[in-house]
Amino acid sequence: MKKKQLIYLDYSATTPIAEPVIKAMQPFFSIDFGNPSSIHQFGQKAESALENARDQISAHLGCNSRELIFTSGGTESDNLALRGVALARRKKHGTNHILISPVEHHAVSSTAQQLAELFGFELEYLEVDKTGIVSPEMLRSKIRSDTALVSIIYANNEIGSINPIPELAKICHEYSVPFHSDAVQATAYLPLKVSELNLDLLSIGAHKFYGPKGIGALFIKQGIEIFPMQTGGGHEWGLRSGTPNVPYIVGMGEAIKFVESHQSEWITHLQKLRDKLIHYVLENIPDSQLTGHPTHRLPNHASFVFEGVDSQKLLMLLDVEGFACSSGSACKTGNPLPSDVLLAMGFSPELALSSLRVTLGKDTTEEQIDQFLVSLEKVIKKIRSPKS
Ligand SMILES: *Cc1c(COP(=O)(O)O)cnc(C)c1O
């Protein structure tokens, strides 16, 4: 029997590296291997590739290239933003209060929790509505003159909801509080100009937009007070020491170019498939609910809960059918805990353990979605049938 082709519907977890990105990276693994800090021509070549990538990405963000730091990924960018700003602001201004949403990626929430537990910061959570969005009114009710930092995710990885970043930023600036946003999921699909978003710090990670894993960047607006978290030779203006990963940085620059040339076509294509998927599920699968906002959501993102369906079992049976999806958070084995994000939105623990996340990408076709829906309906019926 011919093995069935696997269909990947988990693009929020990671994406394949695009061909032009691989091509752009290649020489920097071998012939152009120089260290950008070296004076000689090997070094100069690497240095110029590094700065070219910095220019490409800062142009996309609409910032000065001096305001962009390369890191090892979205996680490190979030860590540097939170810990670096919180500690610098406390040292210089005595501010000791941190505000985050309860639907942050763990790169933000665990960092904030550590700042509270080990460093004595007062950590407070902004409440979200039932679609997982933070309202400007909520932020206004919690922000204080001694708030060191506010961090709110741009587009949510688990439920796809998009926060009103410019409105939230306006409130932070009324209080002169630095505002950070994790834009790792947003990069492929949403406007990213920092002046329009009005952000002080923004994190990105290349492997969520067809670039390599293990590389990311942090925008830090000029004048924002921040301490380095990795000290050493003083690379990246002293904010992130360590020889830069030149091939991956070149790849991330090329991946941004790839996003720029395809974004509008992806959005049109994926939004149509996403809406078809969501409508079919809600109309044909009993006791199903969409999680996250129905319209203010990523164009490639659909997420659900199904009453009485164990999501681990659902993911395994879908995998047997040939479809790779996820349940939202990246808990793979062992005893799954209900997602903090779904609990914060008001879902019961049982319902939160019945979640499914289906995220589409540039190579997803309508035929794949049609096949997926047939299998999903079948698998859910099977799980719900008393004999299973
Ligand atoms: C994937 C992801 C991260 C982590 O980025 P890495 O580059 O994998 O470290 C952070 N935040 C969000 C929203 C993500 O989706």
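Trainee: What makes α3 count as largely enclosed by the rest of the structure?

Mentor: Count the buried residues. This is a predicted model, and in it 15 of the 20 residues of α3 are buried, so the helix is largely enclosed by the rest of the structure.

Trainee: How do you know that the span of helix α3 agrees with its number of residues?

Mentor: Helix α3 covers residues 74-93, and at 1.5 Å a residue those 20 residues should span 28 Å. The C-alpha atoms at its ends are 28 Å apart, so the two values agree.

Trainee: Why is histidine 296 called partly exposed?

Mentor: Its relative accessibility is 47%. Buried means under 20% and exposed means over 50%, so at 47% histidine 296 falls in between and counts as partly exposed.

Trainee: Where does histidine 296 lie, then, and what does it touch?

Mentor: You'll find histidine 296 in the loop between β9 and β10. Leaving out residues up to four places away in sequence, it touches Ile133, Gly160, Ser161 and Ile162. Take isoleucine 162: it is 134 residues from histidine 296 along the chain, yet their C-alpha atoms are separated by 5.5 Å.

Trainee: How do you know that cysteine 63 is in no disulfide?

Mentor: A disulfide needs two cysteine sulfur atoms within 2.5 Å. The structure holds zero disulfides, and for cysteine 63 the nearest cysteine sulfur, that of cysteine 172, is 19 Å away.

Methods. Residues numbered from 1 in each chain as written. Predicted model: local features only at pLDDT ≥ 70, side-chain atom pairs only at ≥ 80, totals over all residues. Heavy atoms only, no water. Helix = DSSP H or I, 4+ residues; strand = E, 2+ residues; numbered from the N terminus. Expected span 1.5 Å × (residues − 1). Buried < 20%, exposed > 50% of the residue type's maximum accessible area, 1.4 Å probe, protein only. Contact = heavy atoms within 4.5 Å.
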